[in-house]
Amino acid sequence: MSAYEDSYFAHGLRLMDLGDYEGAVAMFDNALKLGLGDLAEIHVCRGEALAYLGKWTAAEDSVNEALRLQPYLATAYNERGNIYRFQGMFDKALNDYTMAIHIEPDYDEAFFNRALAYESRRRYADAEADLTQALRINPKLGQAYEARGRARAKQFKYDLAVADISAYLKSGAAREFDNHSEMQGYLIILRVQRLLWRLLPWRGRG
């Protein structure tokens, strides 16, 4: 990778971290014009930046180009899955996340994203299973505790849901994603729901 190409790509990544997606796309375009380095990965990052801008067709085209260059690039399938999921195309998203996992069985991010797609389909047991797998691979994936807590609550598994949301709050991820107060409120609601569930004579186990 040349110094110029590396500089453009690295600068694009930094701009993405700062939320300057237009600037990031411009840097990735410059890197691609030089034609050096990992062009497929650059196309994936470019697609991600375009997706943040809501330019869905251009984002998908960029990721498709990455897959043309490297047909078994797990990050490309994961990113295209995100593009589909953000547009509500959940079946296509599930297919791409599954392909990413097939290529890289320990791809925690793909398991997490597939769980979100399952959640949108109200397939809460499948979401819970994927989130458990994501946490097995990466126990520091704090967001997975929040998502699994939601999935478990939907299945009336209130003890487990309370444990997950508590773990999410303790991990510090809630402050990182700026929903600490919201999750504290949700934890209170879960505890009330757990109490009411226990008082119901016909309740299941949770």
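Let's start with a word we'll need a lot: a residue is called buried when its relative accessible area is under 20%, exposed when that value is over 50%, and partly exposed in between (1.4 Å probe, protein chains only). Ala117, for instance, has a relative accessible area of 0%, so this residue is buried. Keep in mind that what you're looking at is a predicted model, where local features need pLDDT of at least 70, side-chain atom pairs count only at pLDDT 80 or more, and totals for chains, interfaces and linings use all residues. Residues are numbered from 1 along each chain as its sequence is written, and side-chain values use heavy atoms, with hydrogens and water left out.

Now step back and take in the whole protein. There are 12 helices and zero strands, where helices (H or I, at least four residues) and strands (E, at least two) are DSSP runs, numbered from the N terminus. The C-alpha atoms fill a box of roughly 70 × 30 × 30 Å along the principal axes. Of the 206 residues, 45% count as buried. The accessible surface comes to about 11100 Å², and 52% of that belongs to carbon and sulfur atoms; such areas come from the Shrake-Rupley method with a 1.4 Å probe, and for residues, only the protein chains shown count as cover.

What about the inside? In soluble globular proteins, nonpolar side chains tend to be buried together. Here the largest nonpolar core has 48 residues, and Phe28, Ala49, Ala76 and Phe112 have the most contacts inside it. (A nonpolar core is a set of buried Ala, Val, Leu, Ile, Met, Phe, Trp, Tyr and Cys residues joined through side-chain atoms within 4.5 Å.) There's also a second, separate core of 13 residues, including Ile165, Ala173, Met183 and Leu190. Back to Phe112: once you leave aside neighbours within four places in sequence, Phe112 is in contact (heavy atoms within 4.5 Å) with Leu131, Ala134, Leu141, Gln143, Ala144 and Ala147.

Next, find helix 5, residues 74-86. The expected span of a helix is 1.5 Å times one less than its number of residues. For the 13 residues of helix 5 that gives 18 Å, and the end C-alpha atoms are 18 Å apart, so the two agree. Of these 13 residues, 11 are buried, so helix 5 is largely enclosed by the rest of the structure. What does the covering?

Not counting residues up to four places away in sequence, Arg80 touches Glu60, Val63, Asn64, Leu67 and Asp96. After helix 5 comes Gly88, whose phi is positive, near 80°. The C-alpha atoms of Gly88 and Ala117 are 29 residues apart along the chain but separated by 8.9 Å. Ala117 sits in helix 7, and, leaving aside neighbours within four places, is in contact with Arg85, Phe90, Leu94 and Tyr97.

Time for some charges. Side chains of opposite charge can pair when their charged atoms come close. A salt bridge is a side-chain nitrogen of Lys or Arg within 4 Å of a carboxyl oxygen of Asp or Glu, and by this rule the count comes to 16. In one of them, Asp106 pairs with Arg136, with the closest N and O atoms 3.4 Å apart. Asp106 lies in the loop between helix 6 and helix 7 and Arg136 in helix 8 (residues 124-137), so the pair ties together parts that are 30 residues apart in sequence. Both Asp106 and Arg136 are exposed.

Compare that with Arg114 and Asp130, whose closest N and O atoms are 2.6 Å apart in their salt bridge. Arg114 is buried at a relative accessible area of 12%, and Asp130 counts as buried at 6%.

Finally, Arg148 and Asp164 meet in a salt bridge too (2.8 Å, N to O). Salt bridges that share partners join Glu128, Arg148, Arg152, Lys157 and Asp164 into one network.
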